[in-house]
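Hello,

Here is the structure I promised to pass on. Please open it alongside this note; my findings on the aromatic side chains follow below.

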Amino acid sequence: MNSELLLDKLLDLLPDAVCAVDVEGRFVFISSACERLLGYTQQELIGTAMIELVHPDDRERTLATASEVMDGQLKMHFENRYIHRDGHVVDIMWTARWLEDERIRLAVARDITEIKRAERVQQAIYRISEAAYQADGLVELYQLIHQVIDELLPADNFQVALFDAAKGWLTFPYYIDERVPLPASQPLVSGTPLAEVIHSGKALLITAEQAEAQGQEWVDWLGVPLISQAGVIGAVVMQSYTDVIRYTEEEKGLLQFVSTQVAAAISRKQTETRLQHMARHDPLTELPNRMLFNQHFDMCLKRAHRSREHLALLYLDLNGFKDINDTLGHEAGDQLLCEVARRLESIVRESDMVGRMGGDEFTVLLTGIAGKPSVAVVADKIRAALAEPFSLGGQRLELDITVSIGTALYPEQGSDRQQLFRHADNDMYAAKRCVS
């Protein structure tokens, strides 16, 4: 048998691809394994510039390595990415050397796509787990999750939908879509792809052909459930509006594998956020408690000192609250405190803060005020708001509730929180003595 023919047959039996590239970077020889690797026939690749098939992000590095090979260096285990004929990315590990007499680069290529995918999945799982501890709140966690998944598969349109099973209610805390605006919170509607994912607890891929039959405008739709120890807590959804980005069953399985860690990270951060909220807010009124109010107060004082702004502290005490508790009961008293909190928050600006110090005592921090007349205006609004009838136990009642308000202005009546609280507290008790 002809030795050259025998060599060709031996090369065709190898699982790795063998190729030769001339000094201009064009394929001059390629084994049949290249068709399995990249989807192109030998005839199609001969004369084609190698760099045209390399992933755009890897081209500069690939050309630099090719130059080193042509300078006589033997390169082993060089890794880069190529674009398969059908558009998916192939990870390849190369061993290459320069043959000076023939003026060609001879290389052996091994498909390491599965190995690299496994590495990326493991790294993604680790990064998502770490994000649950590192993220400063749920919003940042969702952003980090999106970033990690986008490195595994295209996720230009990405959303996290959370499901409250007790209420049958959907919320969309993270939503990126190039065409559809952020939906409002809504009941979970049966018959939708999202409902199918959440009710079944299984991943769902809807391809272009299926989408067209359903009258949908997207090309591919991919959703996976988020399953925690408490059950299905929502779903991660990705969709494509272009044929350039298509999802496959393989990618559905990949996303479903990662989704377990996503659900765990979200549940962990939700618990952490809930505990932080409980530690910093009054459990009855949901207002900031003394600790959070004081922290915010100190931060505002520093900012006011730097920018020479004026602040005001209002210290409030309800007159006649004990009589409400004694005559209508503690449940009515709790309802009254919650309604007082709601009315106080409706009066102040977003930049201000209302807090509950305990019992029937509330505080209001006003930032960036013009002076004492502005404080008096707010105090009058508070008195008027609390003089309105209250609905307690389903009944609209005229209650004999008034409020004693003490004020302290920064920097005129104190330079730190302790001084300002002391002044406002004394002013409040002076006002209370006038009432009694």
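**Aromatic contacts**

Trp 94 is buried, at 11% relative accessible area. Keep in mind that this is a predicted model.

Its partner is Tyr 82, and the two rings form a tilted aromatic pair. The centres lie 5.7 Å apart, with 45 degrees between the planes. Tyr 82 is buried as well, at 2% relative accessibility. What does the pair tie together? Tyr 82 sits in strand 3 (residues 75–83) and Trp 94 in strand 4 (residues 89–99), so the contact joins parts that are 12 residues apart in sequence.

Next, Tyr 142 and Tyr 174. Their ring centres are 6.4 Å apart and their planes meet at 45 degrees, so this pair is tilted. Tyr 142 belongs to helix 6 (residues 138–152) and Tyr 174 to strand 7 (residues 169–176), so here the pair ties together parts 32 residues apart in sequence. Are these two residues buried or exposed? Both Tyr 142 and Tyr 174 are buried.

How many aromatic pairs are there in the whole structure? The search finds eight. Ring pairs also build a cluster, which links Phe 293, Phe 297, Tyr 315 and Phe 421.

One further contact involves a charge. The charged end of Arg 343 sits over the ring of Phe 390. It lies 3.8 Å from the ring centre.

Best wishes

Technical notes: Residues numbered from 1 in each chain as written. Predicted model: local features only at pLDDT ≥ 70, side-chain atom pairs only at ≥ 80, totals over all residues. Heavy atoms only, no water. Phe/Tyr/Trp six-rings, centres within 6.5 Å; stacked < 30°, edge-to-face > 60°. Helix = DSSP H or I, 4+ residues; strand = E, 2+ residues; numbered from the N terminus. Buried < 20%, exposed > 50% of the residue type's maximum accessible area, 1.4 Å probe, protein only. Lys NZ or Arg CZ within 6 Å of the ring centre and 35° of its normal.
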